[in-house]
Amino acid sequence: MKLSERLYYVGVNDDHKSLFEGLWPLPEGVSYNSYLVVDDKVALIDTVEHGFEDEFFAGIAESIGDRDIDYLVVNHMEPDHSSLIALMLERYPRLKVIANAKTLPMLKGYYSVPSERVLVVGEGDVVCLGSSTLRFYMIPMVHWPETMVTWLEEEGTLFSGDAFGTFGSVAEDVVDKDGTFDIYRDEMIRYYSNIVGKYGNPVQSALKKLSCLDIKRLCSTHGPVWENDIVSVVDLYDKLSRNEVERGVCIAYGSMYGNTAAAADALAMELDRRGIPYAIHDLAGNNAGELGVSGALRDVFKYDTVVVGSPTYNNGIFPPVETFMKALSARMIKGRRFYAFGSYTWSGVSVRQLNGLAESMDFEILGPGLSFPQAYAAEKFDMKAIADLFA
Ligand code: FEO
């Protein structure tokens, strides 16, 4: 796919993998984006995940025929972008890897790249390809410590690594058009919350550093190439990394025999009746197509209130719910309100323990929670009073 006279998209769609990083569901697939800058010299920006070699090299051949590639810019070492580095070095014996100092040990450790094949760059350094200039900026922890971005000055194009990325395969013509942002918005929030969500402060630092650039084209490692809706994409990442949320409720629960689920459904119905925005997620995976922890994290980044349901299990929290709470804690999310509920049979501890975890995250606890014995029965509990807490 030709993006301009000197720029080609040579990424691939992965519609087969079910879990990204072995964790996060991919109902709409994902793309691994790679780009060629073609001038007197040719630079490839990142590679794609292994398993896509044929498609990847066919895309390169379609773009530049049998021309040599002079440089491989490694913006980010996570193997979804780096796993063809060794093959690139083999295929292009004169190729040099462009990377920063923090990348060097990773290049050696993952792919045994000899240091003489690496051109080390630092903050603001420039590599000229002829009439095209590549400038490098370090954006550590977006998403790994070595991460950098590459700025193609003459085209106002930012190769941004995982920053501004999204789940979801890309269309054949790759570039966004009217409506593309709306199509990807939810998957972009899910990608951010699942993959980058722990690194809100580094994302903010990166946004400040890059704010001086007049970006005309945003080329992330995942998702469409953004030319039309750059402002919406950057704004969304800015809001997410600042923990800016809207009023609403994310209900996340696990249930063994449907009693905690019944309380979750009753609460959802009450919120629905009042027109309070909400999302509900079964963390135990009893509902087909459920995104589980991945979807719940997305909606914690959307809404200001987190409501978590867990039965008491082995004198503790039901394991799928515990996993969610751990994921929540790891993201160091700020400024959320919290409410817990759940059933027990002979001794109820899950609600108390959930509140304890929420307290350790500095969430505002909205009351002691609803811990109920055995079956949930609507007539026994005042869901209206509970929903009042979330108004
Ligand atoms: Fe898409 Fe952090 O790799």
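Asp-46 lies in the loop between strand E8 (42–45) and helix H1 (53–64). Helices (H or I, at least four residues) and strands (E, at least two) are DSSP runs, numbered from the N terminus. The model is predicted: local features need pLDDT of at least 70, side-chain atom pairs count only at pLDDT 80 or more, and totals for chains, interfaces and linings use all residues. Residues are numbered from 1 along each chain as its sequence is written, and side-chain values use heavy atoms, with hydrogens and water left out.

Asp-46 is not a glycine, yet its phi is positive, at about 60°. Its relative accessibility is 3%, so Asp-46 counts as buried. Buried means under 20% relative accessible area, exposed over 50%, and partly exposed in between (1.4 Å probe, protein chains only). Gln-374 is likewise a non-glycine residue with a positive phi, here of about 55°. Gln-374 sits in the loop between strand E24 (370–373) and helix H12 (383–388). With 44% relative accessibility, Gln-374 counts as partly exposed.

Helix H9 was examined next. Nine of the nine residues of H9 are buried, so the helix is largely enclosed by the rest of the structure. Among these buried residues are Gly-292, Ser-294, Arg-298 and Asp-299.

The packing of H5 (residues 180–196) and H9 (residues 292–300) has an angle of about 100°, with the axes 8 Å apart. Axes are lines fitted to C-alpha atoms, for helices over the stretch in contact, and angles run from 0 to 180 degrees between N-to-C directions. H5 and H9 are therefore roughly perpendicular to each other. Angles of 65 to 115 degrees count as roughly perpendicular, under 35 as roughly parallel, over 145 as roughly antiparallel and the rest as oblique. On the H5 side, the contact is made by Asp-186, Ile-189, Arg-190, Ser-193 and Asn-194. H9 contributes Ser-294, Gly-295, Leu-297 and Arg-298. Contact means heavy atoms within 4.5 Å. The residues of this contact divide into two nonpolar, four polar and three charged. Ala, Val, Leu, Ile, Met, Phe, Trp, Tyr, Cys and Pro count as nonpolar, Asp, Glu, Lys and Arg as charged, and the others, Gly among them, as polar.

H9 also meets H10. Their axes come within 10 Å and cross at roughly 40°. H9 and H10 are therefore oblique to each other. The crossing of H9 and H10 is right-handed. A crossing is right-handed if the near helix is turned clockwise from the far one by less than a right angle, and left-handed if anticlockwise. Val-293, Ala-296, Leu-297 and Val-300 of H9 touch Pro-320, Phe-324, Ala-327 and Leu-328 of H10. This contact of H9 with H10 holds eight nonpolar residues, no polar and no charged.

A further helix pair is H6 (residues 200–210) and H7 (residues 230–241), which pack at an angle of about 140° with their axes 9 Å apart. That makes H6 oblique to H7. The crossing of H6 and H7 is left-handed. Gly-200, Val-203, Gln-204 and Leu-207 of H6 make the contact with Val-234, Tyr-237, Asp-238 and Ser-241 of H7. The residues here divide into four nonpolar, three polar and one charged.

The structure holds 21 salt bridges. A salt bridge is a side-chain nitrogen of Lys or Arg within 4 Å of a carboxyl oxygen of Asp or Glu. One of them joins the side chains of Arg-298 and Asp-299, at 3.1 Å from N to O. Arg-298 counts as buried at 13% relative accessibility, and Asp-299 counts as buried at 1%.

Another salt bridge links Arg-337 with Asp-304, with 3.9 Å between the closest N and O atoms. This pair links distant parts of the chain: Arg-337 is in strand E22 (residues 337–344) and Asp-304 in strand E19 (residues 303–309), 33 residues apart. Both Arg-337 and Asp-304 are buried. Salt bridges with shared partners join Arg-6, Glu-155, Arg-217 and Glu-227 into one network.

Arg-274 and Glu-270 form a salt bridge at 2.8 Å, N to O. Both lie in helix H8 (residues 259–274), four residues apart, about one turn of the helix. Arg-274 counts as partly exposed at 29% relative accessibility, whereas Glu-270, at 8%, counts as buried.
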